[in-house]
Amino acid sequence: MNTIIEVKDLYKEYPGGTKAVQGVSFEVQRGEFFGFLGPNGAGKSTTMNMLVNLVKKTSGSIKIDGFSIDTDADEIYKRVGFAMQEVGLDETATAREMLQLHGRLYHMKPAEIEEQIKSLLKLVELEKVADRYASTYSGGMRRRFDLALSLIHKPSVLFLDEPTTGLDPHARQLIWSHLRELNKQGMTIFLTTHFMEEAEELCDRIAIMDGGKIVTEGTVEQLLKKHKAKNLEEVFLKTTGSNIANEEVNLKASDPYTRNR
Ligand SMILES: Nc1ncnc2c1ncn2[C@@H]1O[C@H](COP(=O)(O)OP(=O)(O)O)[C@@H](O)[C@H]1O
Ligand SMILES: [Mg+2]
């Protein structure tokens with residue numbers, strides 16, 4: 001069994017009628033580094049959030065490591081780690097304390113938690129600042145800390161939503177090297193990014209989403225050939241943008257998050 005993520009005909013309609021995901025199907029193989037690209041509003045975060053059960057799907061099927069999200073969400077929860085967009089940090093907890101708390105939430109034994117914290121702090125190079133409030137970290141440190149948090153329970157699949165957005169090139173390189181190391185150790189990684197260079201550098205295979213659908217998929221090499229493009233950015237520009245008005249349409253939709261005036 002080499003397929004670790006299996007998604008079929010996935011749909012999401014938010015209250016108010018925004019059809020964020022409209023029939024998405026794909027597979028990710030064990031150990032693969034899979035990239036999810038697409039313009040803002042394409043539905044990347046929604047798709048990813050449905051895969052880790054943070055957002056409830058409208059229809060379709062999701063299987064992770066052979067477990068269906070409909071019947072075995074708990075099993076999936078144990079196997080996935082995630083660092084999503086827009087998570088807050090406790091103002092008065094140190095990085096070590098937050099890692100300990102997360103370990104306990106996953107019912108890990110204290111000794112196992114301590115051992116894992118030690119190895120994760122080393123991996124993300126935060127050993128020296130582990131006892132500082134995490135809320136005082138720089139952007140790059142925050143992202144590395146988020147990464148450590150998502151790994152505390154030794155997941156087999158890691159979901160990262162724009163892990164390097166807003167980081168300077170040094171901080172980005174550091175995250176890349178940590179992700180490469182994790183992938184080398186056998187971890188399956190599913191990542192969204194707006195950086196074409198990041199996808200080219202890291203990903204074995206890439207899917208591009210636009211308007212709630214996957215518009216193309218393949219290795220970088222396959223994509224260049226298929227779309228007669230000289231780089232990934234050109235593939236991106238050629239395959240997306242038809243739904244650029246979508247975001248505005250969705251903003252105007254009479255959903256509960258829009259104030260009527
Ligand atoms: N919680 C939500 N409620 C209603 N609409 C949402 C919500 N989250 C996202 N959307 C809408 O769903 C669409 C896809 O958004 P998203 O999945 O965040 O795209 P991406 O991550 O590709 O930028 C957008 O039109 C967005 O406005
Ligand atoms: Mg997003």
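Of the 261 residues in the protein chain, 38% count as buried, meaning that 20 or more other C-beta atoms, placed from the backbone, lie within 10 Å of the residue's own. This is a predicted model, where local features need pLDDT of at least 70, side-chain atom pairs count only at pLDDT 80 or more, and totals for chains, interfaces and linings use all residues. Residues are numbered from 1 along each chain as its sequence is written, while chains are lettered from A and ligands numbered from 1 in the order in which they are written.

Next, the overall fold. The protein chain has 10 helices and 10 strands; these are DSSP runs, H or I of at least four residues for helices and E of at least two for strands, numbered from the N terminus. Its radius of gyration is 19 Å, close to the 18 Å that the globule rule gives for 261 residues, so the chain is as compact as a globular protein of that length. The radius is taken over C-alpha atoms, and the rule is 2.2 Å times the number of residues to the power 0.38.

Now one pair of helices. The axes of α3, residues 95-105, and α5, residues 139-151, come within 9 Å and cross at roughly 25°. Axes here are lines fitted to C-alpha atoms over the stretch in contact, with angles from 0 to 180 degrees between N-to-C directions. The two helices are therefore roughly parallel to each other, the term for angles under 35 degrees.

Which residues in α3 meet α5? Ala95, Met98, Leu99 and His102 do, and their partners in α5 are Phe145, Ala148 and Leu149. Contact means C-beta atoms, placed from the backbone, within 7 Å.

Key. Angles under 35 degrees count as roughly parallel, over 145 as roughly antiparallel, 65 to 115 as roughly perpendicular and the rest as oblique. Two residues are in contact if their C-beta atoms, placed from the backbone, lie within 7 Å. A residue is buried if 20 or more other C-beta atoms lie within 10 Å of its own, exposed if 12 or fewer, and partly exposed in between; C-beta atoms are placed from the backbone.
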